[in-house]
Amino acid sequence: MKVSKRIFNLETETAFTVLAKANKLKLEGKDIINLGIGQPDFPTPLNIVEAGIKALKDGHHGYTPSNGIIELREAVSKEIYRAYKENISPENILITPGGKPVIFFATLIFGDSDKEIIYPDPGFPIYRSMIKYSGAKPVPMNLKEENNFEIDIDELSRLINDNTSLIIINNPNNPTGSFMNEQKIIDLVNLLEKYSHVTILSDEIYSNIIFDKNTMPSLLKFESIRNRLIVLEGWSKTFCMTGWRLGWSFWPNKLIDIANKLCVNDHSCPTSISQYAGIEALEGPKDEIHKIKNEFEKRRNFVHEELNKLPNINCFKPGGAFYAFPNVSKSNLTGKEYADIALEKHGVAIVPGTSFGDDAKEFIRISYANSIENIEKAIKRLSNI
Ligand SMILES: Cc1ncc(COP(=O)(O)O)c(C=O)c1O
């Protein structure tokens, strides 16, 4: 059997490997606290679940339009207006099974052997994997601890050249929890305005999990770059709907039909049931969602404070998402060694920084999608490393 050569360029999400290892140890009867997982620990709010059940009972069992039902795309348009006061046509909105296909599509559309794609490092591992699969050269944009893991605008400008076809931005950031505020985003847009040959993929999947009373500086707010902007968004993190597989994205006029064609070729349409649940998520009561965000902020404060009490850990204060990205170099262990010991000896599942980029050897990612009680127990266990 001869598989295509490009298939060997695909990488994976090692967070899932940690999860599998943690689950195996759990099945063997070990007491494992999971701080490795990248999904909210809260159930999907009941009103959304009920809308999904109703969709089934109402007979929404068939294919839908490949770009998603119009009612949902209209609801997304309204949500964008509520959040950012921008008028975006439902015709520019694409509904997909989760946000991930948007990374797949954007890299396939802009990747070629003579192209370069810039991506955040550390960053969500699917970026580099898919860039390599597309045939383009992956160009890491280093996010440094001393810059609070924010983009260094000067460094980014040095990375852009005539072959750059796409730049991937992720704010708030997975795995660091870093959040770039409006002023920083304005500086970034000022730079991007100079390079009209470059398309931007802004991954804003954590846009609703932002702390310290900050608001989301979505790139959708900047008309000057909108004709070459793709925005990845969705229900997974905000509405605790990772398993429903539902995402939305904004595509400019020049790209929306191409992206929709990829949908037809790939998955025909997003799940009908999830789409009706998605309408309720956007248009129904949001009290539960606000409570969840406040709980994440409480945990962020707790994790940041408690981790920094450990002599072997330095942790910068995350501004969004539900991750902390502490530096463990004072333990004289690499992040990978630290994570292995944490799981095998102390029953705490965490992900090594190198799962998110080769340079992050001194770091681990801690997900605080777990209860304060469990987080407290886990940090106590980590104090023995
Ligand atoms: C930065 C980032 N982008 C995209 C995704 C994909 O989200 P979804 O589950 O909606 O496909 C994730 C999920 O972990 C993520 O962390």
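Which residues are the closest to the ligand? I started there, keeping in mind that this is a predicted model.

**Ligand shell.** I looked up what surrounds the ligand and got 13 residues. The closest are Gly-98, Gly-99, Lys-100, Asn-174 and Ser-236. Then I sorted the shell by residue class: 9 polar, 2 charged and 2 nonpolar.

**Domains.** Domain 1 takes in 5-43 + 287-382, and domain 2 covers 62-283. I noted 24 Å between the C-alpha centres of domain 1 and domain 2.

**Domain contact.** How many residues of domain 1 are in contact with domain 2? I found 34 of them, and they meet 35 residues of domain 2. I then asked which elements make up the domain 1 side. Helix 10 (287-307) and strand 9 (323-324) each give at least two residues to the side that touches domain 2. The largest share is from helix 10, with 6 residues. By class, I wrote down 16 nonpolar, 10 polar and 8 charged residues for this side of domain 1.

**Sheet with strand 9.** Strand 9 had come up at the domain contact, and I followed it into its sheet. It is an open sheet of 3 strands, ordered 9-12-11, with antiparallel pairing. For Pro-352, I found the bridge partner Ile-364 in strand 12.

**Helix 7.** Last entry: helix 7 (residues 182-192). Which residues here are buried, and which are exposed? Ile-185, Leu-188 and Leu-192 are buried. Down the axis of helix 7, the buried residues fall within an arc of 60°, so they line one face of the helix. I reminded myself of the spacing rule: an α-helix has 3.6 residues a turn, so residues three or four places apart point the same way. On the other side of helix 7, I noted Gln-183, Ile-186 and Asn-190 as exposed. What covers the buried residues of helix 7? I found that the cover includes helix 6 (153-159) and strand 6 (199-203).

How values were computed
Residues numbered from 1 in each chain as written. Predicted model: local features only at pLDDT ≥ 70, side-chain atom pairs only at ≥ 80, totals over all residues. Domains from an automatic or database assignment. Contact = placed C-beta atoms within 7 Å. Helix = DSSP H or I, 4+ residues; strand = E, 2+ residues; numbered from the N terminus. Nonpolar A, V, L, I, M, F, W, Y, C, P; charged D, E, K, R; others polar. Near = placed C-beta within 6 Å. Pairing = 2+ DSSP bridges. Buried ≥ 20, exposed ≤ 12 C-beta atoms within 10 Å, placed from the backbone. Arc of directions from axis to C-beta.
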